[in-house]
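Please look through the sequence and the model below before reading on.

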Amino acid sequence: MLRLLGNIIWFVLGGFIMGVAWWLAGILALITIVGIPWARSCFVIGSFAFWPFGKQAVNRRFVTGNEDIGTGCLGMLGNVIWFFVAGIWLAIGHIVSALACFVTIIGIPFGIQHLKLALIALAPVGQTVVLSERQYWQ
């Protein structure tokens with residue numbers, strides 16, 4: 001019940017706007033054809049940006065136990081390109097939303113979530129979203 005309430009308040013306090021921003025970045029990446037690998041990350045993280053409570057973003061390597069194209073060297077190269085093309089702008093959007101949330105005491109947890117998403121925005125390739133009940137790191 002608290003998770004649902006948190007997600008509803010989140011949606012109003014910047015989650016909707018930032019989720020749409022992530023999906024817009026994904027659509028623009030799809031249009032370029034070359035950006036299709038980034039588009040997948042945009043849609044996964046964008047859905048997470050809409051309703052983040054009860055979920056967490058983790059490296060796919062920790063979930064699958066195997067390294068794939070997004071978690072290896074090509075993923076790192078993809079994240080470097082992403083940083084300059086769209087990552088910095090999405091991160092700035094999350095930081096601005098976090099600052100707006102920090103104005104009120106009730107908004108502090110939501111501001112912290114925006115800061116977490118700002119870090120993810122800088123390097124989303126190789127990330128996946130899972131339920132937060134499980135621990136994927138050691």
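The model is predicted, and it holds 9 aromatic pairs.

**Aromatic pair between two helices**
- F11 and F50 form a tilted aromatic pair, with 5.9 Å from centre to centre and 35° between the planes.
- This pair links distant parts of the chain, since F11 lies in helix α1 and F50 in helix α2, 39 residues apart.

**Aromatic pair of F83 and F84**
- F83 and F84 make up an edge-to-face pair, in which the centres are 5.0 Å apart and the planes stand at 90° to each other.
- Within this pair, F83 is partly exposed, with a relative accessible area of 27%, while F84 is exposed, with a relative accessibility of 62%.

**Ring cluster and a charge over a ring**
- A cluster linked by ring pairs contains F11, F16, W23, F50 and W51.
- At R61, the charged end of the side chain sits over the ring of F62, at 6.0 Å from the ring centre.

**A loop residue with positive phi**
- I33 is located in the loop that runs between α1 (2-31) and α2 (36-50).
- The phi angle of I33 is near 65°, which is a positive value in a residue other than glycine.
- I33 is also exposed, with a relative accessible area of 58%.

Note on methods. Residues are numbered from 1 along each chain as its sequence is written. This is a predicted model: local features need pLDDT of at least 70, side-chain atom pairs count only at pLDDT 80 or more; totals for chains, interfaces and linings use all residues. Side-chain values use heavy atoms; hydrogens and water are left out. Helices (H or I, at least four residues) and strands (E, at least two) are DSSP runs, numbered from the N terminus. Buried means under 20% relative accessible area, exposed over 50%, partly exposed in between (1.4 Å probe, protein chains only). Rings of Phe, Tyr and Trp (its six-membered ring) pair if their centres lie within 6.5 Å; planes under 30 degrees apart count as stacked, over 60 as edge-to-face and the rest as tilted. A charge sits over a ring if NZ of Lys or CZ of Arg is within 6 Å of the ring centre and within 35 degrees of the ring normal.
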